[in-house]
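Please look through the sequence and the structure below before reading on.

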Amino acid sequence: MNDMDIEKIRKDFPILSKKINGNPLIYLDNAATSQRPSIVIDGIKYFYENINANPIRSIHSLAEEATKAYNEAREKVAKFINADPEEIVFVRNATEAINLVSFSFPFKSGDRISTTYMEHHSNLLPWLRLKEKGINVDIVSISDDYELDMDYYKHLPKNTRLVAVTHASNVTGTINDAKEITRISHEQGSLVLIDAAQSIPHMPFDVKDIDADFIAFSGHKMLAPFGIGVLYIKKDIAENLKPFLTGGEMIKDVSLSKVIYENAPNLFEAGTQNVEGAYGLGLAIDYLNEIGMRNIEKYENELTKYLYERAKELKNVEVYSGKSKRFSGIFSFNVSGLHSHDTAYLLDKKGIAVRSGFHCAQPLIEERLKLDGAARASLYFYNTKGEIDAFINELNDISEKYGRR
Amino acid sequence: MIYQRNMEDDKFYELVELYRNPEHYGKPSKYNYSENGYSPSCGDKFSIYLEVEDGIVKDASFDGKGCVISTVSLSKLCSFLIGKPLKEIENMQLKDIEDMLGIGDISISRVKCATVGLDAIKKINKEVSNN
Ligand SMILES: Cc1ncc(COP(=O)(O)O)c(C=O)c1O
């Protein structure tokens with residue numbers, strides 16, 4: 001597909017024709033979770049009607065098919081981000097992916113980790129918890145333009161073992177230079193983990209180009225079912241990691257005195273996996289590939305530009321995103337004098353779905369931006385300029401009526 | 001859904017006005033019980049201060065930050081309790097808060113906002129009756 005036929009695309013998402021409170025649904029909460037196309041929804045049914053069995057271990061024909069489906073899904077994910085299948089570990093979501101690294105990485109007391117002020121809690125709390133083990137956690141600051149302090153990365157503190165950073169912020173929309181951060185961190189001997197939960201759904205992503213050691217993302221933000229996510233672990237690195245969960249399907253040989261573990265990725269996939277989810281993620285990737293990630297990125301950039309352009313008309317609205325050099329389709333805001341939940345409530349009455357509150361980034365919202373919450377509209381490729389118009393017009397009405405001048 | 005669907009805009013407007021200048025807002029110089037209340041989805045954080053004498057609420061106030069629903073319900077709860085036995089809080093429920101706000105059918109996602117004050121004052125009541 002070259003140009004995107006949005007009307008046709010929208011028909012692939014049954015929920016987009018739903019009415020909310022008597023109005024057409026305008027779904028602008030895509031950073032929380034995306035909607036799912038029929039190919040994924042129907043695919044799950046197909047899976048249970050045609051493929052379902054416990055993969056990997058049983059040897060009957062159906063299990064063989066399930067194994068094949070599971071492996072194919074892994075191959076699709078690998079290809080999608082230009083990795084090898086052995087580098088793809090299926091997990092529940094980005095949160096589990098990052099927790100896995102925090103458990104399995106052989107940190108020693110005195111080691112340092114860096115994370116940043118713009119992280120989702122899932123790339124913050126797993127590291128803060130390691131403080132109990134004598135590991136130091138540095139929090140990289142952000143500028144008033146929502147850019148990371150790149151000088152910090154140029155001079156990493158001694159003993160920094162891991163640099164954890166988000167590729168795209170779910171609040172400020174900032175797209176960080178993951179490649180450059182990785183390059184300079186590697187030069188100083190640190191490994192790098194990229195939280196790509198808000199980037200991989202929206203742009204072409206090449207792990208070999210970025211070169212990070214760990215990459216975490218969630219299927220549900222990119223059209224796939226809930227409960228399936230991915231941890232990419234660079235080859236060679238996996239050997240140095242400890243197992244995360246132990247149990248079935250992650251071992252080669254077990255006696256009561258000695259256990260020989262499987263290699264990655266199976267080593268990190270203990271127990272029966274979310275096979276339907278992996279299968280669904282594969283279908284979601286097929287769909288994204290058909291539209292083309294480059295097209296998606298280009299169209300979303302256009303929409304984002306349009307949204308920020310129209311937002312200039314708003315009065316009594318404060319905006320907390322979109323100031324960095326590069327940013328994604330995220331628009332965080334408050335109507336002056338109104339709590340974000342109340343703004344979200346008023347928009348919802350018109351069928352417009354936005355997120356409000358802390359967005360699981362409380363240190364950023366509360367300590368750095370000094371807010372008690374923010375509302376957030378976030379775009380995906382099935383949104384339209386018409387929807388943005390409706391959103392801005394409604395927000396205008398709300399801010400005129402309730403905004404404190 | 002969130003509030004009662006047919007809740008008039010005017011009703012909400014009224015609540016926003018109360019929210020902007022809530023009664024009983026501010027930390028008093030004199031109080032003998034206090035408790036914090038949180039509603040994590042909203043990010044609401046409040047402190048409630050009570051002056052209780054012989055089981056009677058002599059004064060009640062609160063401070064902190066939150067949404068319209070939590071702020072106004074706290075404010076109304078303070079007005080309601082002043083001069084009454086603290087024990088009255090024991091039997092109060094979400095429904096009573098909805099009546100105070102004049103809205104019904106608060107959505108699941110906002111229940112915590114509406115009851116943040118109620119829960120905190122119930123805690124104080126337990127503490128008082130244990131003493
Ligand atoms: C930047 C970022 N990282 C991580 C996550 C966590 O994703 P999940 O809840 O699917 O684990 C999110 C979800 O909102 C996010 O926005």
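The paragraphs that follow go from the strands of chain B to the sheet and helices of chain A.

This is a predicted model, in which local features need pLDDT of at least 70 and side-chain atom pairs count only at pLDDT 80 or more, while totals for chains, interfaces and linings use all residues. Residues are numbered from 1 along each chain as its sequence is written, chains are lettered from A and ligands numbered from 1 in the order in which they are written, and side-chain values use heavy atoms, with hydrogens and water left out.

In chain B, strand E2 (residues 44-53) has eight of its 10 residues buried, so this strand is largely enclosed by the rest of the structure. Here buried means under 20% relative accessible area, with exposed over 50% and partly exposed in between, for a 1.4 Å probe and protein chains only; strands (E, at least two residues) and helices (H or I, at least four) are DSSP runs numbered from the N terminus. E2(B) pairs with strand E1 (residues 33-39) of chain B in the antiparallel sense over seven bridges, where two strands pair if DSSP finds at least two bridges between them. Within this pairing, Ser34(B) has Tyr49(B) of E2(B) as its bridge partner. E2(B) is also joined by nine bridges to strand E3 (residues 56-65) of chain B, again running antiparallel, and Lys45(B) has Lys65(B) in E3(B) as its bridge partner. E2(B) and E3(B) form a hairpin with two residues between them, and Asp54(B) in the turn has a positive phi of about 50°.

Chain A holds an open sheet of seven strands in the order E4-E10-E9-E8-E7-E5-E6, with mixed pairing. Strand E4 (88-91) and strand E6 (136-140) of chain A stand at the edges with a single partner strand each, so one side of each is left without a neighbour in the sheet. Strand E5 (residues 112-116) of chain A runs parallel to E6(A), joined by five bridges, and Thr115(A) stands opposite Ile139(A) in E6(A).

Turning to the helices, H3 (residues 61-80) and H9 (residues 275-291) of chain A pack at an angle of about 40°, with their axes 8 Å apart. Axes are lines fitted to C-alpha atoms, for helices over the stretch in contact (heavy atoms within 4.5 Å), and angles run from 0 to 180 degrees between N-to-C directions. That makes H3(A) oblique to H9(A), since angles under 35 degrees count as roughly parallel, over 145 as roughly antiparallel, 65 to 115 as roughly perpendicular and the rest as oblique.
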